Amino acid sequence: MTDSKLPTRHVAFDWGGVFTVGTFDGRSTQNLADLTGVPVERVRESYFRHVRQLEVGAWTLPHFWTVMQEEAGLPLPYGDFEALYLGSVLDNLPMYDTLAALPAEVQVGLLSNNYPVVSDHLRRDARFGRFDALVFSNEIGHKKPAPEAFAALEAAMGVPASQVAFVDDVQENIDAANAAGFYGLLYHHDHHADFEARLGEWLNTAPPVR
């Protein structure tokens, strides 16, 4: 996809809503409600009240679950919750195909608002071996759209932000990426072919010289 005579461009991705179909939070809370019989509105009220503590690494996943158990009345031991939580991932397989097909000279990064245990689970996925840099909010203490999150991504990739397209399914994060000097690409899994065309155009275009 690239011309070796041109300075190489690179790409970084969000995870949820990009490498998954739909949101991980929505699916996991629905699965919890279905398994326990607790109304999904009650599950989500507690979940979204506290999930930021996971995203910035302030809480462990077991502590988060203890709070949710007591607050929402969820009769499920932690081990069963962790298995359900990790099992709530629904892969967006076309994006994994796109990832595997990227030319070797293209550096690939990930910037994800993510959680303890889940980030470790993703690292163990052999497909993630294609990434050159994995940046998780729970490990750096900052979540998108904070500028610090994008600064951490740029540092981890070791190339200027101006040479990196950032792919996300949330417009607010795209706006923040653009403000940080990246080239934002808004994504939806229903328009994957269009996304691949836009990414291919980016990778075949010379980046600005600075």
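This is a predicted model: local features need pLDDT of at least 70, side-chain atom pairs count only at pLDDT 80 or more; totals for chains, interfaces and linings use all residues.
Visitor: Are H1 and H2 parallel, antiparallel, perpendicular or oblique to each other?
Guide: Let's start with the axes of H1 (residues 24-36) and H2 (residues 40-55), which come within 9 Å and cross at roughly 135 degrees. Roughly antiparallel would take an angle over 145. H1 and H2 are therefore oblique.

Visitor: How many residues in the contact of H1 with H2 are nonpolar?
Guide: H1 brings residues including Leu 32 and Ala 33, while H2 brings, among them, Val 40, Val 43, Tyr 47, Phe 48 and Val 51. Four residues of this contact are polar and two are charged. The nonpolar count is seven.

Visitor: And how do H2 and H3 run relative to each other?
Guide: The axes of H2 and H3 (residues 61-72) come within 10 Å, crossing at roughly 150 degrees. The cut-off for this class is over 145. H2 and H3 are therefore roughly antiparallel.

Visitor: How many charged residues sit in the contact of H2 with H3?
Guide: On the H2 side, Arg 42 and Arg 49 are among the residues that meet H3, and Glu 71 is one of those on the H3 side. The contact also has nine nonpolar and two polar residues. Its charged residues number three.

Note on methods
Residues are numbered from 1 along each chain as its sequence is written. Side-chain values use heavy atoms; hydrogens and water are left out. Axes are lines fitted to C-alpha atoms, for helices over the stretch in contact, and angles run from 0 to 180 degrees between N-to-C directions. Helices (H or I, at least four residues) and strands (E, at least two) are DSSP runs, numbered from the N terminus. Angles under 35 degrees count as roughly parallel, over 145 as roughly antiparallel, 65 to 115 as roughly perpendicular and the rest as oblique. Contact means heavy atoms within 4.5 Å. Ala, Val, Leu, Ile, Met, Phe, Trp, Tyr, Cys and Pro count as nonpolar, Asp, Glu, Lys and Arg as charged, and the others, Gly among them, as polar.
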